[in-house]
Every structure is written in structure tokens, then in C-alpha cells.
Amino acid sequence: MSVAFNLNGKAVTAQAEADTPLLWVIRDELGMTGTKFGCGMALCGACTVHLDGQPVRSCQTPVSAVSGRKVATVESLSGTANTHPLQVAWIKHDVPQCGYCQSGQLMSAAALLAANRNPSDADIDNAMSGNICRCGTYPRVRAAIKDAAASMRKA
């Protein structure tokens, strides 16, 4: 099956069975390896990407579901000249530890800040509740999201 969709602002076409998880198409066929495989059951959030601006678990999203739609991976957060405020805050607050969950954490946080540039602790906890960090960096994730939100409000 041929599936055409927009990946990080570019039109792409993938050749895969309809039920192939989007994660494998992104990583193996299209070479975008920033999105990570975690649990394979949509429980940990490591594979989070945006589908038409909403966070989804790419390990459980069949590629047939993205036909004609917009998919964004963690690679979309950085342009050639720009770094997303979340990435700056992630470094400032020393968020990554093992790094396993970071791309999914960043994509969930980016979706939150796209909808709400002044999130409360409860908003952050709710938006990030599906992203598991084995290292327990949740306080640093929250601080980085608040810092990025403040930066984005100033811009």
C-alpha cells in the first residue's frame, strides 16, 4: 500500500502494509530516527509524534490512519537556524538523564504549549501523564516546560 502524508512539512509517500505502525514507517522507511520505540503498547509515550497537531503514540497508529494528514516528529522542533524553546529549557534544566523518553516528552510538551502558553502544574501533569520517565526527572520536566512557556510568551 502507498500512503502519502506530510512529515515535518514535507510531502512523503511510504510503501507499507496498512496496519504497519507509523513508528516503523517513520524510522525504517523514512529515516527519521528521533522517535523512539518504548513499550510498543502506547503506554510509555516514548514514540509520541503529532498527528495534525495532536500527540499520538506512533507505535499504535497504523500508517493508513495518516493518509493525507500532517505528522510531526521531534526533528520538527528544530529548524536549521532555530531551536525550539523547549529544547533550550531542556538543556537549561538538565532534563535528560538516560534519554530514553526525551523525544516523546518533548512532543507531548510541545503539543501542550501550542495550545496553552501559560500551563498550570495541573495542566502540565495532565498533558505529560502518558509519558513515563524511568529516571524520574518529572520535576525537571515541569520546570523546563514552565521556563519554555515563559520564553514563548515573551516572543
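Predicted model: local features only at pLDDT ≥ 70, side-chain atom pairs only at ≥ 80, totals over all residues.
Local features need pLDDT of at least 70 and side-chain atom pairs count only at pLDDT 80 or more, while totals for chains, interfaces and linings use all residues. Residues are numbered from 1 along each chain as its sequence is written, and side-chain values use heavy atoms, with hydrogens and water left out.

**View 1. Ser 129 in the loop between helix 4 and helix 5.** Ser 129 counts as exposed because its relative accessibility is 57% (exposed is over 50%, with a 1.4 Å probe and protein chains only). A polar atom of its side chain lies 3.0 Å from the backbone oxygen of Asn 126. Ser 108 is 21 residues away along the chain, with 9.4 Å between the two C-alpha atoms.

**View 2. The crossing of helix 4 and helix 5.** The two axes (lines fitted to C-alpha atoms over the stretch in contact) come within 11 Å and cross at roughly 115°, on a scale from 0 to 180 degrees between N-to-C directions. Asp 121, Ile 124, Asp 125 and Met 128 of helix 4 meet Val 141, Arg 142, Ile 145 and Lys 146 of helix 5, contact meaning heavy atoms within 4.5 Å.

**View 3. The hairpin of strand 3 and strand 4.** Strand 3 (residues 48-51) runs antiparallel to strand 4 (residues 54-57), joined by four bridges. Val 49 has Val 56 as its bridge partner. Two residues separate the strands, and Asp 52 in the turn has a positive phi of about 50°.

How values were computed
Buried < 20%, exposed > 50% of the residue type's maximum accessible area, 1.4 Å probe, protein only. Polar contact = N/O pair within 3.5 Å; in protein donor to acceptor, adjacent residues only side chain to side chain. Pairing = 2+ DSSP bridges.
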